[in-house]
Amino acid sequence: MKIVIAPDSFKESLSAPDAAAAIARGIKQAYPGAHTVCIPMADGGEGTVAAVLAATGGQWRSTPVRGALGEALDADWGWLPDATAVIEMAAAAGLEQTPPEQRDPLRADSHGVGQLVRAALDAGARRIILGLGGSATNDGGTGLLRALGVRFLDAGRRELPPGGAALAALDSIDTSGLDARLADTRIEIASDVDNPLCGPHGASHTFGPQKGASPQQVAELDASLARLADVCARHLGRDLRDAPGAGAAGGLGFAAHAFLDAHFRPGVELVAELGGLAQAMQGAALAFTGEGRMDAQTLRGKTPAGVARIAQQAGVPVVALAGSLGDGYQELHAGGITAAFSLAPGPLTLQQACDNAAQYLADRARDVMQLWLAAGKRML
């Protein structure tokens, strides 16, 4: 019996490869003869590089970069044999890298992400996949563009300081120094966000508060991004503030649309393609997926929904395992998930759940397999 195992990471407890290994262990406990195929997954956020490298056998690389608030850090990224670089924005400008009391969305910028893109170009990348989840920034991607040679100037032709708030004084843009290698490089954005750049559903209003922005700062940042959009429209001859995904990662999606000629795709779709998930589903009897929490929002581009969609096309039933099941998780059934189970064996603290996640995953996978075998022995 062939069983495909394609989970996302379980936040703060297990990486996607470790989660897949735990599920495989539980399946083997119930049915030692099972043929398990592990394809770790991600949706463009943290864990995307690890999932892709685990599925493809690519290489880890590391580059010194400037973090969201100017701190020095080493950011990891991935390299595939076909000259594809895989980069997570969160590795260079991630929200979780900045303690809550230090978060400053007015000043945080995406320069380090641009440094990773430049490192990929230096390595000879012909294709760059950039995951936009988990950002700490709200700078419209101007930091990334600065690292690639673009200048953002005030009315006195002085360069603006880093961060989204400074864009209120933006008067002109100089793209003469933009890295020419980008024109020959395919940029693919992995993101499940379709928000515009500005307005009530834009980057600042939707994601600013979780990055530490007060209501007053949200309004300030939204006005600054609108200023960026106005100046870019004048410079480019087209207005891209309402392009789908422009508001992703504090507006970095806007920069990708406007200056990188990027192709936007759902993150889970990209990772599934690189890992060969559709091919693996052929001939499978069952599939497992999962992530830390599943609820009605899971259907909006999250990993379990993407795995279920691909499994449905191959006629494979899907079991989802989650740290917790939230409001509306029943809607997952209509999205192709046959059954969903919580890992917790009883009342637990969050720390207990995280510390024992691998064992709980194995236990739940074993129980599911025992039920599957009892109900379908005639299928073996």
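By the grid criterion applied to this predicted model, the count comes to 1 cavity of 30 Å³ or more. A cavity is a set of points, on a 1 Å grid over the protein atoms alone, where a 1.4 Å probe fits but cannot get out, whereas a pocket is an open set with protein on both sides within 12 Å along at least five of seven lines; lining residues have an atom within 4 Å of a point. Grid points are joined across faces, edges and corners, and a volume is the space filled by probe spheres set on the points. Local features need pLDDT of at least 70 and side-chain atom pairs count only at pLDDT 80 or more, while totals for chains, interfaces and linings use all residues. Residues are numbered from 1 along each chain as its sequence is written, and side-chain values use heavy atoms, with hydrogens and water left out.

The largest cavity holds about 40 Å³ of space. Its lining consists of A68, L69, L95, T98, Q102, R103, D104, A108, A136 and K211, which divide into 5 nonpolar, 2 polar and 3 charged residues. Here Ala, Val, Leu, Ile, Met, Phe, Trp, Tyr, Cys and Pro count as nonpolar, Asp, Glu, Lys and Arg as charged, and the others, Gly among them, as polar.

The largest pocket contains about 1,700 Å³ of space. It is lined by 49 residues, and K11, D43, E291, R293 and K302 lie nearest its centre. Two or more lining residues come from each of strand 11 (286-294), strand 12 (318-325), helix 12 and helix 13 (357-376); helices (H or I, at least four residues) and strands (E, at least two) are DSSP runs, numbered from the N terminus. The lining comprises 16 nonpolar, 19 polar and 14 charged residues. Because domain 1 (2-39 + 276-377) and domain 2 (48-267) both contribute to this lining, the pocket lies between them; the domain bounds come from an automatic or database domain assignment.

Strands 2-1-11-12-13, in that order, form an open sheet of 5 strands with parallel pairing, where two strands pair if DSSP finds at least two bridges between them. Strand 2 (35-38) and strand 13 (339-342) stand at the edges with a single partner strand each, so one side of each is left without a neighbour in the sheet. Strand 1 (residues 2-5) pairs with strand 2 in the parallel sense over 4 bridges, and T36 in strand 2 is the bridge partner of I3.

An open sheet of 6 strands has the order 3-4-5-6-9-10, and its pairing is mixed. Its edges are strand 3 (59-66) and strand 10 (263-265), each with a single partner strand, so one side of each is left without a neighbour in the sheet. Strand 3 and strand 4 run antiparallel and are joined by 8 bridges; W60 has G78 in strand 4 as its bridge partner.

Most residues other than glycine have a negative phi. A83, in the loop between strand 4 (72-80) and strand 5 (84-88), has a positive phi near 65° and counts as buried at 16% relative accessibility. A249, in the loop between helix 7 (215-236) and helix 8 (252-259), has a positive phi of about 55° and is buried, with a relative accessible area of 8%. Buried means under 20% relative accessible area, exposed over 50%, and partly exposed in between (1.4 Å probe, protein chains only). Q352, located in helix 12 (residues 350-355), is partly exposed at 38%.
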